[in-house]
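Open the model in your viewer and keep the selection panel at hand. The tour goes from the whole chain down to one residue.

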Amino acid sequence: MRRGFGPTATTDPPPPEKETDVKSFPLFFRTSGRRVTIVGGDEQAAQKARLILKTDAEILIVADRLEPELAGLVAEGRARHSRRLTPDAFAGSAFAFVATGCPGLDASVQALARAARCPVNVVDQPALCDVTTPALVDRDPVVVAIGSEGTAPVLTREIKTRLETILPQNLGSLAALAGRLRPSVEARVPRARRRAFWAWVFKGAPRTDWTQGRERAAAADIKAAIGAGGAPRDAVSGSVSLVGAGPGARDLLTLRAVERLQEADVIFYDRLVDAEVLELARRDAERVFVGKHVGAHSWPQDRINDVIVAEARKGRRVVRLKSGDPAVFGRAGEEIDAVRRAGIPVEIVPGITAASAAAAALGAPLTERGVSDTLVLTTGMARDGAPLPDCTRHAGPGTTTAFYMSVGQAGRIRDDLQAQGLGSAAPVQVVIDASKPSQQVLQCRLDALEQALADASCTGCAIILVTWPEATVPLARTA
Ligand code: SAH
């Protein structure tokens, strides 16, 4: 894995000997009370001046002659002009742009600036640059900077165009209003309600009203809420998301799952959920281990139901993080019923189920034309006290069966499949810990399944896959 600015860089820095293409670090440079020097007086210099004009920096332009726009800035008093280039032009400047239009001259000006310890950007000469200017999406005071280390300017412009269309023009003024109101929010809204307050402002009705042109109504609502000590109660009522954590590897989470983890106030998670998935949650989110796993429920289901409802009633955003897909053998129905009965909004965020991860581990499909046109997801486990399910009843020619929670039932599954006519030499595949670093694949004959699982000391986290190929179709039928 390469170093970079992705989430891995902050949570899990790889060893320093690894290579990287990143040779610059993005920063926001403070310009208040500082000077920015521009050497050059033509259009390229004017372009840089336009960028700096978005800030409150003092601008010094060093050039023999100025093109009309720059001359106008000087006439308005927005920039100073000097005809002579001396080291003083750089001493104390935050940074400098060099755009003389003459590459040879650019290089010597750059050397002069460096000698004065002033970081330089030389237009169109990346090798001479200490600083480069990113593509900007400007929603003052919200600024998105996009860079590619000079590798892909067309791509950065395309990203900029997309962001320009996503971010409404007046978004910045909402952020600016928030900035002005921050002191009164701190004075009137208790600390415990502040996160919910800002979430309501930026994700709830005020944001929608504001970006749809109803700025006055939005501002009035925000101020009323500050006066009342927090966002309206009905707006901050809690919610429950049943989020699929996928089979283990954290890059098999969906973007929506990551979003919910980052919004969550409290996360209830199972044993099968990997630690690295939990790292994606907000740092101050509460994490509660409910320890469910095959055959042993540290927390009884009723208690889980009660506690997720109770937390959501407090107005918290609850994530119930479940391995794989929450809708597959996840007892999601019981949790959804409990939350709905309490009148609390509930949603499912799907995840990658273990059978899909097992197929990926095997590099083979679960269905295949002419071999298997039916996929059965089943389990050998039953509810406490209930008789064991007849989990092989759908197996037959043309099926692939993925057995969940079935390691302890391997002997019975083998006997039942054989009784149904599958040969004892039929190939069976087992994927243990699919997608995790400990992933293991076992391939064996049907009659050796139990022994193979025992030899691998497999206790639980495994999918048993049995493909029963379609019977060869007699020629007479295809004719
Ligand atoms: N909701 C989950 C299934 C939960 S039941 C899903 O959609 O995947 C728990 C069973 O799922 C385990 O007993 C095992 O059979 C299977 N399982 C979950 N994660 C797995 C993994 N990474 N590799 C193999 N099997 C897994």
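What percentage of the 479 residues of the protein chain count as buried? The share is 40%, with buried meaning under 20% relative accessible area by a 1.4 Å probe, protein chains only. This is a predicted model, where local features need pLDDT of at least 70, side-chain atom pairs count only at pLDDT 80 or more, and totals for chains, interfaces and linings use all residues. Residues are numbered from 1 along each chain as its sequence is written, and side-chain values use heavy atoms, without hydrogens and water.

**Whole chain.** Show the cartoon. There are 17 helices and 19 strands, taken as DSSP runs (helices H or I, at least four residues; strands E, at least two) and numbered from the N terminus. The radius of gyration is 31 Å, well over the 23 Å from the globule rule for 479 residues, so the chain is more spread out than a compact globule. That radius is taken over C-alpha atoms, and the rule is 2.2 Å times the number of residues to the power 0.38. Along the principal axes, the C-alpha atoms fill a box of roughly 95 × 60 × 50 Å.

**Largest nonpolar core.** Select Leu-417, Val-430, Leu-449, Leu-453 and Ile-464. These have the most contacts inside the largest nonpolar core, which has 23 residues. Such a core joins buried Ala, Val, Leu, Ile, Met, Phe, Trp, Tyr and Cys residues through side-chain atoms within 4.5 Å. Now colour the elements giving two or more residues: H15 (410-420), S17 (427-432), S18 (440-445), H16 (449-455) and S19 (462-468). S19 gives the most, with four residues.

**Val-430.** Zoom in here. Beyond its neighbours within four places in sequence, Val-430 is in contact (heavy atoms within 4.5 Å) with residues including Val-441, Leu-442, Leu-449, Leu-453 and Ile-464.

Key. Buried < 20%, exposed > 50% of the residue type's maximum accessible area, 1.4 Å probe, protein only.
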